[in-house]
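Please walk through this model with me, one contact at a time. Keep the sequence and the coordinates side by side.

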Amino acid sequence: MAELTANERKTLIQIENLDDPDKLKSLIDNARKQKSEVVVRAAFLRLCNIQPEANPGTVEHDVWKSIHALEEMKRAKRGKTIRLTRTRQKIDRDGEAKTVSDLVLKPKPSPGFNDLISLDHPELTFEAVVLRHPKTFPHVVESAARDRLQSVGVNPETFVISQ
């Protein structure tokens with residue numbers, strides 16, 4: 001791994017305390033132009049953490065963190081805001097846990113799963129959400145989440161929180 005520049009180190013410290021989504025998005029865009037992947041990743045993860053309105057550590061927070069991450073990835077790729085409308089509507093109807101369960105139990109992975117895996121963010125998949133919150137999901141959902149992650153070479157134990 002390449003040594004960080006002084007500017008990258010300074011920016012990483014700033015990112016830790018930023019709570020403004022627009023400033024973080026601007027940092028991401030600038031870091032992409034400067035080809036600083038470490039800054040892009042740190043600002044992106046911070047952005048994902050601050051956007052959900054739910055309390056950190058909850059299933060709801062983790063689900064919305066994943067949704068915001070996918071929407072931000074699509075914005076960066078297409079240059080405009082893209083909403084996961086169908087997922088948002090399903091959450092409005094059924095709630096976060098049921099929506100996650102239904103997607104994880106589908107025979108084929110969702111496009112969002114594939115996007116997050118291809119961009120090296122398995123921690124943001126709904127499958128990882130399931131493994132971080134085992135008391136919320138039935139065993140069959142947990143098993144499907146483990147299988148799906150293993151099928152793409154991701155160790156599911158990475159996301160299990162010991163209690």
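Which residues does Lys65 contact, leaving aside its neighbours within four places in sequence? They are Cys48, Asn49, Pro52 and Leu124, where contact means heavy atoms within 4.5 Å.

A word on the ground rules. This is a predicted model, in which local features need pLDDT of at least 70 and side-chain atom pairs count only at pLDDT 80 or more, while totals for chains, interfaces and linings use all residues. Residues are numbered from 1 along each chain as its sequence is written, and side-chain values use heavy atoms, with hydrogens and water left out.

Stay with Lys65. Lys65 lies in helix 4; helices are DSSP runs of H or I with at least four residues, numbered from the N terminus. Lys65 is buried, and buried means under 20% relative accessible area, with exposed over 50% and partly exposed in between (1.4 Å probe, protein chains only). Yet Lys65 has no salt bridge. A salt bridge here is a side-chain nitrogen of Lys or Arg within 4 Å of a carboxyl oxygen of Asp or Glu. The nearest side chain of opposite charge is Asp62, 4.6 Å away. For charge, Lys and Arg count as positive and Asp and Glu as negative; His and the chain ends are not counted.

Pro52, one of the contacts of Lys65, is found in the loop between helix 3 and helix 4 (59-78). Pro52 has 8% relative accessibility and so counts as buried. Leaving aside its neighbours within four places in sequence, Pro52 touches His61, Trp64, Lys65 and His68. Its C-alpha atom is separated by 18 Å from that of Lys98, 46 residues apart along the chain.

Now to the charged pairs. Side chains of opposite charge can pair when their charged atoms come close. The structure holds 15 salt bridges. Asp62 forms one with Arg132, with the closest N and O atoms 2.9 Å apart. Asp62 lies in helix 4 and Arg132 in helix 8 (residues 126-132), so this pair ties together parts 70 residues apart in sequence. Asp62 counts as buried at 7% relative accessibility. Arg132 is buried too, with a relative accessible area of 15%.

Asp115 pairs with Lys74, the closest N and O atoms being 3.5 Å apart. Asp115 is in helix 7 (residues 111-118) and Lys74 in helix 4, so the bridge ties together parts that are 41 residues apart in sequence. Asp115 is partly exposed at 27% relative accessible area, whereas Lys74 is buried at 19%.

Arg148 and Glu127 also meet in a salt bridge, 3.0 Å from N to O. Arg148 sits in helix 9 (residues 139-151) and Glu127 in helix 8, 21 residues apart. Arg148 counts as buried at 8% relative accessibility. Glu127 is buried, with 4% relative accessible area. Elsewhere, Asp29, Arg32, Glu72 and Arg75 are linked in a network of salt bridges.

Finish with a helix pair. The axes of helix 1 (residues 6-17) and helix 3 (residues 37-50) come within 9 Å and cross at roughly 5 degrees. Axes are lines fitted to C-alpha atoms, for helices over the stretch in contact, and angles run from 0 to 180 degrees between N-to-C directions. Helix 1 and helix 3 are therefore roughly parallel to each other, a label for angles under 35 degrees. Glu8, Thr11, Leu12, Ile15, Glu16 and Asn17 in helix 1 meet Val38, Val39, Ala42, Ala43 and Arg46 in helix 3.

Note on methods:
Helix = DSSP H or I, 4+ residues; strand = E, 2+ residues; numbered from the N terminus. Parallel < 35°, antiparallel > 145°, perpendicular 65-115°, else oblique.
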